[in-house]
Amino acid sequence: MTGKEFKDLEKEFCDYETSVALKELGFREKCPTYYDMEDNVGLLLNTQWTSDYMPCQFIDCLESHNSNTSDDNSYVDAPTIYQAQKWLRKEKGIHVLPELGLIYRNKNGLITHYYRVLVKNMNSGIIITLDNDRDDFESYEEALSEGIKNAIEMLK
């Protein structure tokens, strides 16, 4: 994998700050990637040693470093933005929904996106909708990532 391909792939995962915040909120799902909080070298892939007679399966590369409760654990899981979106929905009742911008194209001719956060009050059943105040995210993924950050801030 080239450096550019890996940089493009990184956009599919939560950044370091978001990953740490998710860990603090109780995220303990198995992930294909993680961050080392001591070395701060960026996104790292979980890997398995393989040999010709014992090939590695993708499932073998999934781990939950957040589940490790030892004091010397310096790793934090780096979920995909889609894993984080699903976890927020299932565990916290918060829906992060990226959508096309109302104007659809910004001044540069690019299609824009925004996000909406829906929070269901578990006691009353009332759904509160929070729209972000901008609709100029260039991609669905960027809008989703920012929406996840907004949802995390609400939970803190």
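User: What should I know about the model and numbering?
Analyst: The model is predicted: local features need pLDDT of at least 70, side-chain atom pairs count only at pLDDT 80 or more, and totals for chains, interfaces and linings use all residues. Residues are numbered from 1 along each chain as its sequence is written, and side-chain values use heavy atoms, without hydrogens and water.

User: At what angle do the axes of H3 and H4 cross?
Analyst: Two packed helices are described by the angle between their axes and the distance between the axes. Helices here are DSSP runs of H or I, at least four residues; strands are runs of E, at least two. Axes are lines fitted to C-alpha atoms, over the stretch in contact for helices, with angles from 0 to 180 degrees between N-to-C directions. H3 (residues 81-92) and H4 (residues 140-155) cross at roughly 35 degrees, their axes coming within 10 Å.

User: Which residues have the most contacts inside the largest nonpolar core?
Analyst: A nonpolar core joins buried Ala, Val, Leu, Ile, Met, Phe, Trp, Tyr and Cys residues through side-chain atoms within 4.5 Å. Buried means under 20% relative accessible area (1.4 Å probe, protein chains only). This core has 21 residues, and Leu 22, Trp 87, Leu 88, Ile 94, Val 96, Ile 148 and Ile 152 have the most contacts inside it. H4 gives the largest share, 5 residues.

User: In what order do the 3 strands of the open sheet run?
Analyst: Strands pair if DSSP finds at least two bridges between them. The order is E2-E1-E3, with antiparallel pairing. E2 (44-45) and E3 (75-77) each have a single partner strand, so one side of each lacks a neighbour in the sheet. E1 (residues 33-36) pairs with E2 over 2 bridges. Thr 33 has Leu 45 in E2 as its bridge partner.

Definitions and conventions:
Buried < 20%, exposed > 50% of the residue type's maximum accessible area, 1.4 Å probe, protein only.
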